[in-house]
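Welcome to this short tour! Open your viewer, switch to a cartoon display, and follow along one selection at a time.

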Amino acid sequence: MALYTVAMNFLIVIYKIESNDYTAKFLDFINNKIDIISKKINADIKYIDEKYDSSVSFLESLQVLSENYESVLLISNAMPLIDVEETIKLCHLHTNSMAYYTYAENYPKGIVPIAFRTSALERFIGLATNKTDIKIDYELIHNLVFVDPNFFEVEILLSEYDMRYYRLDFFSTSKRNSILIDNFINYNSYSEIVSSVKENPNLRRTLPAYIELDVTNTQNCLTKYSINKISEKLECMDFENFKKIYNNLIDFTNDFHISIGSFYEPLLHDSIFDILKFATSYKNAKIYLETNALLLDENTAKKLISMQKEYSNLNVIIHIDSIEEASYNNIYKENNLNIILNNLDYYLLREPRNTYLQIIKQKNNFDNIKDFYKYFEKYKVNIIMQKYSTFRGNIVDYKIGDMKPLVNVGCWHLARDLYIDMFGNVPICKYDIKKEIILGNIFSKSIEEIWSSGNTYYFENVASNAEFCLNCDDWYLYNF
């Protein structure tokens, strides 16, 4: 296909603020593409690489940089898979439409940059002045536009192929994305990338992004349909073993989200605060303590709130499926509701940061969900509504409705998640509650070996040939 000719006076601005070792790996590759683009649209190239205290100062620098130009093509130096032809299409669209802002939709992240008229920068600055929560990154201008999209003339370049379902991120700012880019770097065009994404699903399985780790072997707040084998004797993961697993995860993935307490109660662990302190000290990880709050008494709450104030990467998710006694008793074996609500009242009134309530929507609480939301309004806490799981048909089906999307591109749990039990066993996924397929034990095999052994199952799953997955309807749930 012939490339378009672009007449508008463009300046290419290379956004270099997010540079790191991973972006540096692909610099020659992206610089060659930028050079081609600049010649095609007859544009000068300038760079923005300072650290800015505010979004306003960043935009003002852009304004000075782009003086005497009609429009800016903003390209991140973390976009090595930027497609020349698709980018020229965007420039052509921007020129012909006279839009203030032009962006691409339904492409993977990192394939097409954004364009905006320099005359819009005054508006951007005005919006940024009133929005202190706008993060300074490559997405800043896009986020400002969509504070009030009616404020701007916006044009959209739509992908010929709808790639949203694959959730691909080709920004080379992380180890995970760097591996993904390596898998596609030798393809010569966007259409070739699209074909390979569909034909070889293992190219998109890179590193686990979400890890669930149990540090105990029992639960103190059991549902009547409990899926877990509950030990009468409490056992806790040795703190040194936790540190060993955690350090191995750091070496393997570099950045990740980790839930501490997946099936079992982490506050039963007498060293839980040592575990949390150790975990939160690594700033490239986001930690999620998941608890039923039965043990979240005043003393424990004070410790937890103090840690949440000190460590911004510590999050707390509290599982509670009903605030109405009859409904609660239909779900749980023992009536601990009053204790839990009293604990939550003390804890939530102190407005702990990064705290969420999670409720699993099911037949036993569906009629009381509205009351649930109303009850917690006074605490101004975020609520996560979670899907009910039958764990591949192994427990009674109390689901409400069917939320499955129309397009199935494979199981996100097999692609991005890793579950580790207290003894170091890693099943194929968290929904393997009977431990039918164990990928390995983390104390006897490396994480690399365990993760790689899941490739075959993922490939079979995408092809709808994985027998283990036939009765599962949790494949579309996406964590991180």
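Start by selecting strand β3, residues 71-76, in this predicted model. Here 6 of the 6 residues are buried, so the strand is largely enclosed by the rest of the structure. Buried here means under 20% relative accessible area. Now show the side chains: S71, L73 and I75 lie on one side, while V72, L74 and S76 lie on the other, and both faces are covered.

Now move on to another sheet. Select its 7 strands in the order β12-β11-β10-β9-β8-β7-β13; they form an open sheet with parallel pairing. Which strands stand at the edges? They are β12 (382-386) and β13 (417-420). Each has a single partner strand, so one side of each is left without a neighbour in the sheet. Turn the view and follow the twist, which averages 25 degrees from one strand to the next.

Zoom in on β8 (residues 256-260) and β9 (residues 285-291), which are parallel and joined by 5 bridges. Pick S259, and you will find Y288 of β9 opposite.

For the last stop, select helix α11, residues 298-310, which packs on the sheet and touches β9, β10 (314-319) and β11 (355-360). The direction of α11 makes about 140 degrees with that of β10.

Conventions:
Residues are numbered from 1 along each chain as its sequence is written. This is a predicted model: local features need pLDDT of at least 70, side-chain atom pairs count only at pLDDT 80 or more; totals for chains, interfaces and linings use all residues. Side-chain values use heavy atoms; hydrogens and water are left out. Two strands pair if DSSP finds at least two bridges between them. Helices (H or I, at least four residues) and strands (E, at least two) are DSSP runs, numbered from the N terminus. Axes are lines fitted to C-alpha atoms, for helices over the stretch in contact, and angles run from 0 to 180 degrees between N-to-C directions. Contact means heavy atoms within 4.5 Å. Buried means under 20% relative accessible area, exposed over 50%, partly exposed in between (1.4 Å probe, protein chains only).
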